[in-house]
Amino acid sequence: MYKWLWRHLRGPAWARVLLLSVAVIAVLVVCFLWVFPAVAPLMPFNSTTVGGG
Amino acid sequence: MSAARSVRGGVAAPKDLRGGQPGRLGLSVAGVVGELMITVGMLLLAFVVWQLWWTDVEGNRAQAAIVAQLDWAPVPAPGAAVVTPPPVAAHRHDASPPMAEPAHAVTFATLFVPRWGPDYQRPVSQGTDRATVLDALGIGHYAGTAMPGDVGNFALSGHRTTYGKPFNRVAELVVGDPVVVRTADAWFVYRVTSTEIVRPTDVQVIAPAPDDPAAVPTQRSITLTTCNPMFSARERFIVHGVLDYWLPTADGFPAEITGGA
């Protein structure tokens, strides 16, 4: 999968590494800002209230 | 490896098992599956980093900003109290002016716990749902329970881990420790009377009279609830306290938080 991605990117190796790094950071940013906050309440830990929660 | 060897050594081993199309396909499928699993593993690791570290960074920043926004008179540092001595505040034990419950998610008080450090001051907001109060604003006030200083039970909930972890050091509290609530108009100095560990369904801990849920309350109580053990939702750690005294904010600062007691 990643080999396929590497083959299909153009440019010198450093440019491909740079591009992939940017992509990885973008994925992490999306996760930190939107995905993880949306998933966190579904996790079975971290309840602090009695009764309803 | 040994399996592959025995196949190779077998008399009827078809040639395409060694590098023919079907074998290649199997290998590349295994490769993709492996890479996907590594990717999922990295994402799970990122989630743990987010939950254990980033929510604290955001939570501490947000809660400090909320306290700053309240714009209440700063607490004098222990040394500064000597230069300009605040008027010796008379401890009041009478009924404090009643306070109406604010709208949901409105910050109406701050909490000081000297045991958790001289700089500990966290906002207290109305409501206890996670998305709008506990994760976003810090400590939450159970709707329908007493307000600070009222006869009844001023019940609060907060995270013990993550999201700024306002109740992180809850297990360090000992009987007699001051728990100080500040509102716009008054200081309320509670003292810890007991701690207990209960099941999440044990709602009597936030009843108006937690000792005897059926009784009509006579004491001005405070109760903190948080998770127990840490990083688990199995139980709840509960701290009970009773009001020692209150004083109007205009009369100065309680000695408990200025280092005088």
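The largest nonpolar core has 40 residues, and Leu111(B), Val180(B), Phe188(B) and Tyr190(B) touch the most other members. A nonpolar core here is a set of buried Ala, Val, Leu, Ile, Met, Phe, Trp, Tyr and Cys residues joined through C-beta atoms within 7 Å. Buried means 20 or more other C-beta atoms within 10 Å of a residue's own, exposed means 12 or fewer, and partly exposed lies in between; C-beta atoms are placed from the backbone. Two or more core residues come from each of β1, β4 (152-157), β5, β6 (186-198), β7 and β8 (235-248) of chain B. β6(B) gives the largest share, six residues. Helices (H or I, at least four residues) and strands (E, at least two) are DSSP runs, numbered from the N terminus.

This is a predicted model: local features need pLDDT of at least 70, side-chain atom pairs count only at pLDDT 80 or more, and totals for chains, interfaces and linings use all residues. Residues are numbered from 1 along each chain as its sequence is written, while chains are lettered from A and ligands numbered from 1 in the order in which they are written.

Phe188(B) has contacts beyond its neighbours within four places in sequence: Pro148(B), Gly149(B), Val180(B), Val181(B), Leu243(B) and Trp246(B). Contact means that the C-beta atoms, placed from the backbone, lie within 7 Å.

**The barrel**

Eight strands of chain B close into a barrel, in the order β1-β2-β3-β4-β7-β8-β6-β5, with mixed pairing. From one strand to the next, the twist averages 30°. Axes are lines fitted to C-alpha atoms, for helices over the stretch in contact, and angles run from 0 to 180 degrees between N-to-C directions. Strands count as paired if DSSP finds at least two bridges between them.

| Strand pair | Bridges | Direction |
|---|---|---|
| β1(B) and β2(B) | five | antiparallel |
| β1 (residues 107-112) and β5 (residues 178-182) of chain B | three | antiparallel |
| β2(B) and β3 (residues 139-141) of chain B | three | parallel |

Individual partners can be named. Phe112(B) bridges to Val180(B) in β5(B). Thr107(B) has Ser125(B) as its bridge partner in β2(B). Val124(B) stands opposite Ile139(B) in β3(B).

Strand β2 (residues 121-126) of chain B is mostly covered, with six of its six residues buried. Gln121(B), Pro123(B) and Ser125(B) point one way; Arg122(B), Val124(B) and Gln126(B) point the other way. In a regular strand the side chains alternate between the two faces of the sheet.

**A loop residue**

Asn168(B) sits in the loop between β4 and β5 of chain B. Asn168(B) is partly exposed, because 17 other C-beta atoms lie within 10 Å. Leaving aside neighbours within four places in sequence, Asn168(B) contacts Arg160(B) and Thr161(B). Val29(B) is 139 residues from Asn168(B) in sequence and 46 Å away in space, C-alpha to C-alpha.

Chain A has two helices and zero strands. Its radius of gyration is 19 Å, well over the 10 Å that the globule rule gives for 53 residues, so chain A is more spread out than a compact globule. The radius is taken over C-alpha atoms, and the rule is 2.2 Å times the number of residues to the power 0.38. The C-alpha trace of chain A spans about 60 × 20 × 10 Å along its principal axes. Buried residues are 11% of the 53 in chain A.

The contact takes 17 residues from chain A and 29 residues from chain B. On the chain B side, α2 (21-70), α4 (130-134) and β7 (220-228) each supply at least two residues. α2(B) gives the most, with eight residues.

Methods:
Two residues are in contact if their C-beta atoms, placed from the backbone, lie within 7 Å.
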